[in-house]
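Please have the sequence and the coordinates at hand while reading.

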Amino acid sequence: MIMQNEVNKEQKFINIAKNIEDTLSVIKHTRSKYNINHEIKLLCVSKKQSIEKIIQAYECGQRDFGESYINEAIDKIEALNAKGYTDINWHFIGPIQANKTKYIANYFKLVHSIDREKILKRLNEQRDPLKGPLEVLIEINLSGQEQKSGCTYEQLESLINYAQGLENIKLKGLMGIGTLSDDPNLTDQEFAQLFEVFNKYKKQLKNFDILSLGMSHDLISAIKNGSTMLRIGSSIFGPRG
Ligand SMILES: *Cc1c(COP(=O)(O)O)cnc(C)c1O
């Protein structure tokens with residue numbers, strides 16, 4: 001009981017409106033510092049956060065929310081739909097298991113974490129065509145470490161070609177997760193490399209204009225390196241429950 005009270009006390013200090021305002025202000029200042037002219041979208045990462053917190057962010061004007069765990073996501077999407085919050089753009093940003101693609105194909109607008117053909121094939125088959133094509137990003141494994149999610153730069157070309165041939169899939173760009181490290185130069189290097197590859201394909205492909213890059217701890221480097229969509233969780237919603 002004491003534990004529960006302490007948790008509640010701590011949550012009271014999380015001012016979501018203020019956190020969103022602060023985040024938007026960091027984005028604005030960093031954009032002007034580095035002369036960035038394109039739009040940068042804020043994606044509120046609401047995984048492991050309550051429906052009440054999502055509603056608070058919604059009331060501040062946020063409409064894009066990111067989830068990583070499919071069962072949790074479905075529960076929240078259905079609960080919010082039932083309450084009338086039907087104009088939210090839901091993003092799936094977590095690792096994808098093949099046996100969950102049926103849900104991912106139909107509950108989400110944009111899937112950030114595509115890293116293999118098998119998943120694309122299943123999403124294409126399972127997407128309800130009446131909903132229009134499912135938007136996807138291909139995730140690159142920036143660290144090159146095998147246990148991490150994402151495809152390699154070597155695999156990218158063939159995955160892009162495969163995605164382009166699928167009727168119910170619309171390839172919109174790339175996604176990357178920076179390696180957790182104390183060395184800001186490593187993050188900058190990883191992000192700059194991804195930006196270069198993103199630009200190469202952006203010039204060649206139609207509709208290829210989203211670079212999903214940057215989290216709470218590395219958003220400045222992401223903005224500097226061409227991010228068009230920042231995935232921000234804890235600095236808006238506080239620590240995950
Ligand atoms: C959890 C998560 C985020 C948000 O991370 P924060 O550090 O809380 O901002 C962003 N991207 C992905 C892929 C995540 O899983």
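Which residues of strand 8 (residues 229-232) lie on one side and which on the other, and are they buried or exposed? In this predicted model, Met229 and Arg231 are on one side of strand 8 and Leu230 and Ile232 on the other, and all of them are buried, so that both faces of the strand are covered.

**Strands 1 and 8**
- Strand 1 (residues 41-45) runs parallel to strand 8, and the two are joined by four bridges.
- Within this pairing, Leu42 stands opposite Leu230, a residue of strand 8 that is itself buried.

- Strand 5 (residues 134-140) is mostly covered, with seven of its seven residues buried.
- Leu134, Val136, Ile138 and Ile140 point one way from strand 5, whereas Glu135, Leu137 and Glu139 point the other way, and all are buried.
- In a regular strand, side chains alternate between the two faces of the sheet.
- Strand 4 (residues 110-114) pairs with strand 5 in the parallel sense over three bridges, and Leu110 stands opposite Glu135 of strand 5.

**Helices 3 and 4**
- The axes of helix 3 (residues 51-59) and helix 4 (residues 70-82) come within 11 Å and cross at roughly 55°, and the two helices are therefore oblique to each other.
- Helix 3 passes helix 4 in a right-handed crossing, where Ile51, Ile54 and Ile55 of helix 3 and Lys76, Ala79 and Leu80 of helix 4 make the contact.
- Sorted by class, this contact of helix 3 with helix 4 has five nonpolar residues, one charged residue and no polar ones.

Terms used
Residues are numbered from 1 along each chain as its sequence is written. This is a predicted model: local features need pLDDT of at least 70, side-chain atom pairs count only at pLDDT 80 or more; totals for chains, interfaces and linings use all residues. Side-chain values use heavy atoms; hydrogens and water are left out. Axes are lines fitted to C-alpha atoms, for helices over the stretch in contact, and angles run from 0 to 180 degrees between N-to-C directions. Angles under 35 degrees count as roughly parallel, over 145 as roughly antiparallel, 65 to 115 as roughly perpendicular and the rest as oblique. A crossing is left-handed if the near helix is turned anticlockwise from the far one by less than a right angle, and right-handed if clockwise. Contact means heavy atoms within 4.5 Å. Ala, Val, Leu, Ile, Met, Phe, Trp, Tyr, Cys and Pro count as nonpolar, Asp, Glu, Lys and Arg as charged, and the others, Gly among them, as polar. Buried means under 20% relative accessible area, exposed over 50%, partly exposed in between (1.4 Å probe, protein chains only). Two strands pair if DSSP finds at least two bridges between them.
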